[in-house]
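Here is a short briefing to read with the model open beside you. Please take a look at the sequence and the fold, and then we can walk through the links, the helices and the sheet together.

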Amino acid sequence: MVFFHQYFLIFALCTLYVESANPIAQFCNEFSYSITPELSQNIDSVLAKLIQNTPQTGFNITDFGDEGKEVNGIAQCRGDVPSQECTACLQTAAKEAKKMCPNQVEALLWYEYCFLRYGTRNVIGDGSLDFRVVQYNVEYVSNPKLFKEILAELTSKIKNVSLEPDNKGFGKGEAKLSNSETLYAMSQCTRDTSMRWCESCLTIAIETIGSLCQNKKGCRLIYSTCYLRYELYPFLYGTEKKLPLENSSMTNYLTVLRKP
């Protein structure tokens, strides 16, 4: 995908549930073309096509408009999310994108269950790592040495799962830390990138989590083309537990936008 310039607006996630209107992360390209009625209509057309077509396979790319005014779009839902949740997430993302980026023609939003991006430049297939979003739990695990070893094994495992063609860039897994504690993790790449780039992006993500989220109870790392997350509680679709607020929300998490 085409990378954005260095000035962005980021919103922290309020809860782990897609019902929230706030995304995990959101960027508006302040240096893109000024919005015009024609471009606004083209964006609406792209968003409508993404909402309609993405849930069928979990991924879609599309475009709309004449040359010079064309808008490109890409959408993807998390690999464990059913089509009805995919639709609901994209509807929310499309609605909020126009609100959060009202004067820009390039926008990028991540939600818990889906990812949405559109722009007048070609946003398809860019492997840029120009920016990343890191969210980590401020609390530390009780056995750092064991946790580090098991996390390294688990993230390597789910990366390999993501690279299997039938899994379409999505991987998940879990590992026992003790009789009473389990580590859960997932990884995903956007389907417009090659498996070679997916592997490279996830390898960098694993290394980055090892340094920036060292011994943290939970962490998620988002690049424009891949996503890696681990927690000490089930968080995949259908496995989420209704935990106390301090565990089920992002109140114990910090959100940071950093340049690699």
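Which pattern do the disulfides of the chain follow, with bonded cysteines counted along the chain? The pattern is 1-5, 2-3, 4-6, 7-8, 9-12, 10-11. This is a predicted model, in which local features need pLDDT of at least 70 and side-chain atom pairs count only at pLDDT 80 or more, while totals for chains, interfaces and linings use all residues. Residues are numbered from 1 along each chain as its sequence is written, and side-chain values use heavy atoms, with hydrogens and water left out.

**Disulfides**

- A search of the whole structure gives six disulfides, a disulfide being a pair of cysteine sulfur atoms within 2.5 Å.
- One of them joins Cys77 to Cys86, with 2.0 Å between the sulfur atoms.
- The link of Cys77 and Cys86 is right-handed, with 80 degrees about the S-S bond.
- Both Cys77 and Cys86 are buried; here buried means under 20% relative accessible area, exposed means over 50%, and partly exposed lies in between (1.4 Å probe, protein chains only).
- Cys89 and Cys114 form another disulfide, their sulfur atoms 2.1 Å apart.
- At -80 degrees about the S-S bond, the link of Cys89 and Cys114 is left-handed.
- Cys89 belongs to helix α2 (residues 83-100) and Cys114 to strand β5 (residues 114-119), so this pair ties together parts that are 25 residues apart in sequence.
- Helices (H or I, at least four residues) and strands (E, at least two) are DSSP runs, numbered from the N terminus.
- Cys89 and Cys114 are also buried.
- Cys213 and Cys219 form a disulfide too, with sulfur atoms 2.0 Å apart, and both of these cysteines are buried.

**Salt bridges**

- The whole structure holds eight salt bridges, each one a side-chain nitrogen of Lys or Arg within 4 Å of a carboxyl oxygen of Asp or Glu.
- Asp80 and Arg78 meet through their side chains at 2.8 Å, N to O, and both residues are buried.
- A network of salt bridges links Arg78, Asp80, Glu112, Arg220, Arg229 and Glu231.
- Lys99 pairs with Glu96 in a salt bridge whose closest N and O atoms are 3.8 Å apart.
- Lys99 and Glu96 are three residues apart in helix α2, which means that about one helical turn separates them.
- Lys99 is exposed, with a relative accessible area of 51%, whereas Glu96 counts as buried at 11% relative accessibility.
- Lys217 forms a salt bridge with Glu139, and their closest N and O atoms are 3.3 Å apart.
- This pair links distant parts of the chain, 78 residues apart: Lys217 is in the loop between α4 (195-212) and β9 (219-222), and Glu139 is in the loop between β6 (132-137) and α3 (144-162).
- Both partners count as partly exposed, Lys217 at 28% relative accessibility and Glu139 at 33%.

**Helix α2**

- With 18 residues, α2 reaches 25 Å from its first C-alpha to its last, close to the 26 Å expected at 1.5 Å a residue; the expected span is 1.5 Å times one less than the number of residues.
- The buried residues of α2 include Cys86, Cys89, Leu90, Ala93 and Ala97.
- What covers the buried residues of α2 includes β1 (25-28), α1 (37-57), β3 (71-77), β4 (107-110) and β5, where contact means heavy atoms within 4.5 Å.

**The sheet and the helices across it**

- Five strands make an open sheet, ordered β1-β4-β5-β3-β2, with antiparallel pairing; two strands pair if DSSP finds at least two bridges between them.
- β1 and β2 (59-64) stand at the edges with a single partner strand each, so one side of each has no neighbour in the sheet.
- From one strand to the next, the twist averages 5 degrees; axes are lines fitted to C-alpha atoms, for helices over the stretch in contact, and angles run from 0 to 180 degrees between N-to-C directions.
- Four bridges pair β1 with β4 in the antiparallel sense, and Phe27 stands opposite Leu108 in β4.
- α1 lies across β2, β3 and β5, at about 155 degrees to β2.
- α2 lies across β1, β3, β4 and β5, at about 40 degrees to β5.
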